[in-house]
Amino acid sequence: MRIARIAHSEGFAYAALGDADGQEVALEIAEQPFVKPTFSGRKWPLADVRLLAPVLPTKVVCIGKNYADHAREMGGEPPADPVIFIKPSTSVIGPNAAIKLPADSSRVDFEAELAVVIGQPCKDVPAEKASSVIFGYTVGNDVTARDQQKADGQWTRGKSHDTFCPLGPWVETQLDASDLAIKTELDGEVKQDSRTSLLLHDVPKLIEWVTRVMTLLPGDVILTGTPAGVGPMADGQTVSVTVEGIGTLTNPVVAK
């Protein structure tokens, strides 16, 4: 099932996306979607609504250097254990919303990522039970002010600007994420092209590792890492990240 957050003529809602009479529609979910959803009966043609970020996470937990080729392109060897950092909820935007380049950064990069969406409060989850706390998967872009990341020696400022965490276009709740194609295109030119099977630490391991540290809540997101090929974006360009089985997340890039 594809679950989205939408803006419609009367406000905002979570919705399941489907077909009715040969037309793509958004079926309003009465409450939160993280348990078995119930429907209000209202629906809209998908063409008449605007897709928002599919969840409102309390935190976005990110994994650094989780593809060997990316670790090496950043000038080091892959770490033995997952490296985690956090992007604030205020960095989250949805599909087609603008990534805004900060005036005090000279290089802002795209980073394609598979995003895991958590479906229930959880702590100390063993890897073998990780699937029980996963709501689904979406597409993420871990936008990074690379010059600020390098200057600071730690990653908070360079990763945390408003608009630096595009998510979307929806959550796919039925997906085997172990071997999916992941790709970035910048103005239609392929820049990253890899597969999730090359993750150094897979999704169950990441959930176990992160929940040793912190409680995850429904709607929280784990960004699983980016493959090699990261690079800068400029004002006026368009970046698209595609994950097989989910869809494509597209955002324009503008100067702030």
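## Strand β19 and its neighbours

Strand β19, which spans residues 238-243, is mostly covered, since 5 of its 6 residues are buried. The model described here is a predicted one. Strand β15 (residues 181-186) is joined to β19 by 5 bridges, and the two run antiparallel; within this pairing, Glu 185 has Ser 240 of β19 as its bridge partner.

β19 also pairs with strand β20 (residues 247-255), again in the antiparallel sense, over 6 bridges, and in this pairing Val 243 stands opposite Gly 247 of β20. The hairpin that β19 and β20 form has 3 residues between the strands, and Gly 245 takes a positive phi near 85° there. As a general point, strands of a sheet pair through backbone hydrogen bonds, either parallel or antiparallel.

## A three-stranded open sheet

An open sheet of 3 strands is found with the order β13-β10-β18, and its pairing is antiparallel. Its edge strands are β13 (144-145) and β18 (231-233), each of which pairs on one side only. Strand β10, residues 108-110, is joined to β18 by 3 bridges, with the two strands running antiparallel, and Asp 109 finds its bridge partner in Pro 232 of β18.

## Helix α4 and its buried face

Helix α4 covers residues 203-213, and its buried residues include Val 203, Leu 206, Ile 207, Val 210 and Thr 211. Seen down the axis of α4, the buried residues fall within an arc of 120°, and therefore they line one face of the helix. The elements that cover these buried residues include β6, β7 (83-87), β11 (112-118), β12 (134-141) and β17 (221-223).

At the start of α4, the backbone nitrogen of Lys 205 is reached to within 3.0 Å by a side-chain oxygen of Asp 202.

Asn 66 is located in the loop between β6 (60-64) and α1 (68-73), and Asn 66 is buried, with a relative accessible area of 0%. The side chain of Asn 66 reaches the backbone oxygen of Thr 224 at 2.9 Å.

Leaving aside residues up to four places away in sequence, Asn 66 touches Leu 198, Leu 199, Leu 200, His 201, Leu 206, Thr 224 and Gly 225.

## The annotated domain

The UniProt record, an unreviewed entry, places the feature "domain: Fumarylacetoacetase-like C-terminal" at residues 59-254.

Notes:
Residues are numbered from 1 along each chain as its sequence is written. This is a predicted model: local features need pLDDT of at least 70, side-chain atom pairs count only at pLDDT 80 or more; totals for chains, interfaces and linings use all residues. Side-chain values use heavy atoms; hydrogens and water are left out. Two strands pair if DSSP finds at least two bridges between them. Helices (H or I, at least four residues) and strands (E, at least two) are DSSP runs, numbered from the N terminus. Buried means under 20% relative accessible area, exposed over 50%, partly exposed in between (1.4 Å probe, protein chains only). A polar contact is a pair of N or O atoms within 3.5 Å; within protein, one must be able to donate a hydrogen and the other to accept it, and residues adjacent in sequence count only if both atoms are side-chain atoms. Contact means heavy atoms within 4.5 Å. UniProt positions are given in the numbering used here, feature names are shortened, and annotations may be inferred rather than shown by experiment. The arc is that of the directions from the helix axis to the C-beta atoms.
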